[in-house]
Amino acid sequence: MSPTESLLTDDLRAAVRAHFPRYPTKQAVTLPALHLVNERLGYVPPQAVEEIAELLDLAPAQVQDTLSFYGFFKQDKPQGKTRMWICRSIACAACESEELLKYLCEKLGIEPGETTADGRITLEFAECLGACDHAPAILVGETLHKNMTKAKIEELLKTL
Amino acid sequence: MPYEPVLLANINKKDSHTLAVYEAGGGYRTLKSALKDKSPGDILEVVKSSNLRGRGGAGFPTGLKWSFLPEKHPGPVYFCVNADESEPGTIVNRVQMEADPHQILEGIMLSCYATRAATAYIYLRYEYPLCLKRMQAAIDEAYAAGYLGKNILKSAFSLDLFIHRGAAAYVCGEETGLIESLEGKRAWPRIKPPFPAVEGLFRKPTVVNNIETVACVKHIVERGAAWFRSIGTPADPKDPRDPGSYGPKLYGLSGHVNRPGCYEAPLGITVRELIEEHGRGVWKGRKAKAVVPGGLSTGVMTAAELDTKLDFSGPLKVGCLGLGTACAIVLDETYSMVDFLHNSCRFFAHESCGQCTPCREGTSWSLMMLERIKAGRGRLKDLELLLEIGDTIGIIPGTTICGLADGAAWPIKNAIRKFRGEFEEYIKRTNPEGYMETEPVEAMATVPK
Ligand SMILES: Cc1cc2nc3c(=O)[nH]c(=O)nc-3n(C[C@H](O)[C@H](O)[C@H](O)COP(=O)(O)O)c2cc1C
Ligand code: SF4
Ligand code: FES
């Protein structure tokens, strides 16, 4: 593989390296590196795992082991432009969040974990988002949407 | 006299999250005077004599935890602040971090000074982007103002503080799962001993404390141990194992109430007070059927148990796991306990890390049974099987590495023992042909991802 084929750009590598002084081991930079790569690429494909491992002086299997523990990181294809997390835990479920999740699945024609064909939205269920006081809660990218209803979801979808 | 909030005193101020507003309200004065006039040992002493117990769920005495750090260790000592807050129902750390990050930072600085930690990490759950923004901005302000970094306020004390983001896994809140995750590994909780105080993060002495715990430390150092002990439920003289439940406490309230939210009150208000006075009652004019007292792991209480005190010993008296996070979830009289238990089993099956067989198998089999019961193929005998699972998984019977399995067990034990009639009625109604069946029935194939 020639260096030009590298998935991690120089500034992405620099962003990962900037975390080294924070920890006494490079391995501790695994999660920050996975997050950085995931933010830039929308996923962490196997080649990125190898490149992260090289940066952190680890075996690719060590990075893959950590990555695969968290259901959070996708590997086969990038997530959609927006990732939507619909809470299904008890406080939200008691306020009918599961109906909202079902509604979104039907509306978008996808199952939780999947991305719409146009790459616009990745739908996910979440376990308790820590926003139970605003149940049912939906996290859209960096924004928390509170006390959601089907009508509010319709409005939201128009903006995504 | 109405109770004066301490932990939430600043949250209604405009721009409460900024350094300017925090300092205008007297912020960082406690740190300044402590670095000038108090030794780390002085802070340890006042925290010990305050009887502060950890707010993260287990209620372990904070001063005692700190005193387990080996005295002559060459170091470094690490301090981890647990901001993973993933226990269903739990919202209070989020409110604190969004509204008053500097109060938390001052608490962290004092705690690190007392424990001689020079590096601290805030393990922050991924799903809190606004907390990340506010905490990082506050940390940047604190560095610029000389409250963090080398030789803080020209003293000999130095501290670096970093935020470490999680990736949506509940078990990272367990203190040794947190440590493994911070080290860059899968968040498999460690077998204890050794406890983190002796061998924790990067194999060095480590303290793990909850956000609310360190915020309490700030007020204890400022106002003294006697002030802290003047609030809450005193130790029960008849129970030598009850060290009392002192201090202010943040309560969460969600579910079927008129006014869900985060409220501050002395430790020991009753569930009824929380629902009626703070939450303005159950919604839609209905009655409560069941209440989760302190995060899903703590189990569930009935409407007849609502006068239970929310302090460290109250929920135990009605067979719940404990106070947990003191974040209550209210379910009204129309909500099905079968749905409740299904939701609970699904959560724990999804979040079990899979290391211990009783937890991995117990949580996924209990979910498969609940799926089948919900689908109208339940047997009365399933209730016995579920109870057997509930009674045999967890660190309390001693079969697992961490407390996640106890959290899975308590909702099962409580829901079935306290609401048995409803489960039996559901099974008989939905499976009139087969509810007496005693032979094994095929499970539903919903193996959690
Ligand atoms: C499965 C599990 C999840 C936990 N999650 C959290 C959490 O999100 N936040 C927290 O502070 N403590 C959590 N705890 C408790 C921690 O292990 C630990 O006791 C606590 O952080 C210590 O802080 P404290 O003494 O200040 O309460 C969890 C425990 C278990 C078993
Ligand atoms: S009890 Fe469950 S979550 Fe805890 S270590 Fe064992 S398998 Fe993992
Ligand atoms: S249960 Fe949905 S945010 Fe907590």
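A charge is said to sit over a ring if NZ of Lys or CZ of Arg is within 6 Å of the ring centre and within 35 degrees of the ring normal. By that criterion the charged end of B:Arg223 sits over the ring of B:Trp227, 5.0 Å from its centre, and the charged end of B:Lys284 sits over the ring of B:Trp283, 4.3 Å from its centre. This is a predicted model, in which local features need pLDDT of at least 70 and side-chain atom pairs count only at pLDDT 80 or more, while totals for chains, interfaces and linings use all residues. Residues are numbered from 1 along each chain as its sequence is written, chains are lettered from A and ligands numbered from 1 in the order in which they are written, and side-chain values use heavy atoms, with hydrogens and water left out.

**Chain A overall**

- Chain A has 7 helices and 4 strands, where helices (H or I, at least four residues) and strands (E, at least two) are DSSP runs numbered from the N terminus; read along the sequence, the pattern is α-α-α-α-β-α-α-β-β-β-α.
- Along the principal axes, the C-alpha atoms of chain A fill a box of roughly 50 × 35 × 25 Å.
- Of the 160 residues in chain A, 55% are buried, the term standing for under 20% relative accessible area, with exposed for over 50% and partly exposed for values in between (1.4 Å probe, protein chains only).
- Among the contacts in chain A with a separation of 6 or more, 62% are between residues 24 or more positions apart, a contact being heavy atoms within 4.5 Å.
- The accessible surface of chain A comes to about 7,200 Å², and carbon and sulfur atoms account for 51% of that; such areas come from the Shrake-Rupley method with a 1.4 Å probe, and for residues only the protein chains shown count as cover.

**Aromatic pairs**

- Over all chains the structure holds 16 aromatic pairs, meaning rings of Phe, Tyr and Trp (its six-membered ring) whose centres lie within 6.5 Å, with planes under 30 degrees apart counted as stacked, over 60 as edge-to-face and the rest as tilted.
- One of them is the stacked pair of A:Phe72 and A:Trp85, at 5.9 Å centre to centre and 5 degrees between the planes.
- A:Phe72 lies in the loop between helix H4 (60-69) and strand E1 (82-87) of chain A and A:Trp85 in strand E1, so the pair ties together parts that are 13 residues apart in sequence.
- A:Phe72 is buried at a relative accessible area of 3%, and A:Trp85 is buried at 9%.
- In chain B, the rings of B:Tyr121 and B:Phe162 form a tilted pair, because their centres are 6.0 Å apart and their planes stand at 35 degrees.
- B:Tyr121 belongs to strand E2 (residues 117-124) and B:Phe162 to strand E3 (residues 160-165), so this pair ties together parts that are 41 residues apart in sequence.
- B:Tyr121 is buried at 1% relative accessibility, as is B:Phe162 at 15%.
- A:Tyr23, B:Tyr78, B:Tyr121, B:Phe162 and B:Phe202 form one aromatic cluster.

**Surroundings of ligand 1**

- Ligand 1 is surrounded by 18 residues, of which the closest are B:Gly56, B:Lys65, B:Asn209, B:Asn210 and B:Thr213; a residue is near a molecule if one of its heavy atoms lies within 4 Å of it.
- Strand E4 (residues 206-210) of chain B gives the most to this shell, with 3 residues.
- Oxygen atoms of ligand 1 lie 2.9 Å from an N or O atom in the side chain of B:Asn82, 3.0 Å from a polar backbone atom of B:Glu85 and 2.8 Å from a polar side-chain atom of B:Asn210.
- Taken alone, ligand 1 exposes 610 Å², and the protein buries 89% of that.

**Backbone exceptions**

- Most residues other than glycine have a negative phi, and most peptide bonds are trans.
- A cis peptide bond joins B:Lys192 and B:Pro193, with omega about -5 degrees, and the bond from B:Pro193 to B:Pro194 is also cis, with omega near 0 degrees.
- B:Pro193 is found in the loop between helix H8 (175-182) and E4 of chain B.
- A:Glu96, which is not a glycine, has a positive phi of about 65 degrees and counts as exposed at 53% relative accessibility.
- B:Asn51 has a positive phi near 60 degrees and counts as partly exposed at 28% relative accessibility.

Methods
A polar contact is a pair of N or O atoms within 3.5 Å; within protein, one must be able to donate a hydrogen and the other to accept it, and residues adjacent in sequence count only if both atoms are side-chain atoms.
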